[in-house]
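Here's a quick tour of a protein model, made for someone just starting out. Have a look at the picture, then work through the notes below.

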Amino acid sequence: IGFFGILILARDHFKGSSENWKIFIVALTFSILPIYPIYGISVMGQPLLLWAVLNLQKSRVTIPSIFVMLLFPFYSHIAFVGPFSLLIVVCYGFWILVTSKKWPSRSYFLGFFALLFGFVLANKSMIWGSAFGEVESHRTEIVLDSSSITQALRDSGDIFLNGQYHS
């Protein structure tokens, strides 16, 4: 996903990207970044999402771009990219409004609402549970015991020397 996202983003939206071997190297470099695949396309899907946003602003390749923006939330992690990608799309819309003195295109707004709708639909049970308190948070299960300062320093030294990996 990351490889092809960079390829089509560079091909469609970067001027002077006529040298295919440079685009290929950049796409290959991006695609081999060490990421956790358990988070779906949260990282690797960003170029594809940017491609869709830029297409919608220019009102071209509209249906595939809306399709990308609608499906992206189903394969990404809302806590990592949800609010940030929505905020960036809104800020880019305001930047367009300020710099060009005209509103972003209708397809741009349609894409934003497709992305928002996708995140809401993909995470409806979490949003409902958080809003109405039907789901008990895992944080309520945490039992805080009061350890001595000596034990706290010993634990801190152990983590500092041996590291900690949360899996």
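Predicted model: local features only at pLDDT ≥ 70, side-chain atom pairs only at ≥ 80, totals over all residues.

Residues are numbered from 1 along each chain as its sequence is written, and side-chain values use heavy atoms, leaving out hydrogens and water.

**The nonpolar patch**
- Trp-103, Phe-109, Phe-113, Leu-116, Val-120, Met-126 and Ile-127 make up this patch of about 670 Å².
- Patch members have over 30% relative accessible area and no salt bridge, and nonpolar side chains (Val, Leu, Ile, Met, Phe, Trp, Tyr) are joined within 5 Å.
- A salt bridge here is a side-chain nitrogen of Lys or Arg within 4 Å of a carboxyl oxygen of Asp or Glu.
- Accessible areas come from the Shrake-Rupley method with a 1.4 Å probe, and for residues only the protein chains shown count as cover.
- H6 is the top contributor, giving 4 residues.
- Val-120 sits in helix H6 and is partly exposed, at 41% relative accessible area (buried is under 20%, exposed over 50%, partly exposed in between).

**The whole chain**
- You'll find 8 helices and 0 strands.
- Of the 167 residues, 31% count as buried.

**Confidence**
- The chain's mean pLDDT is 86 (the predictor's confidence in each residue, from 0 to 100).
- Among the elements, helix H7 (residues 124-132) has the lowest mean pLDDT, 80, and helix H3 (residues 46-57) the highest, 93.

Definitions and conventions. Helix = DSSP H or I, 4+ residues; strand = E, 2+ residues; numbered from the N terminus. Patch = residues over 30% accessible without salt bridge, like charges linked within 9 Å, V, L, I, M, F, W, Y side chains within 5 Å. Buried < 20%, exposed > 50% of the residue type's maximum accessible area, 1.4 Å probe, protein only.
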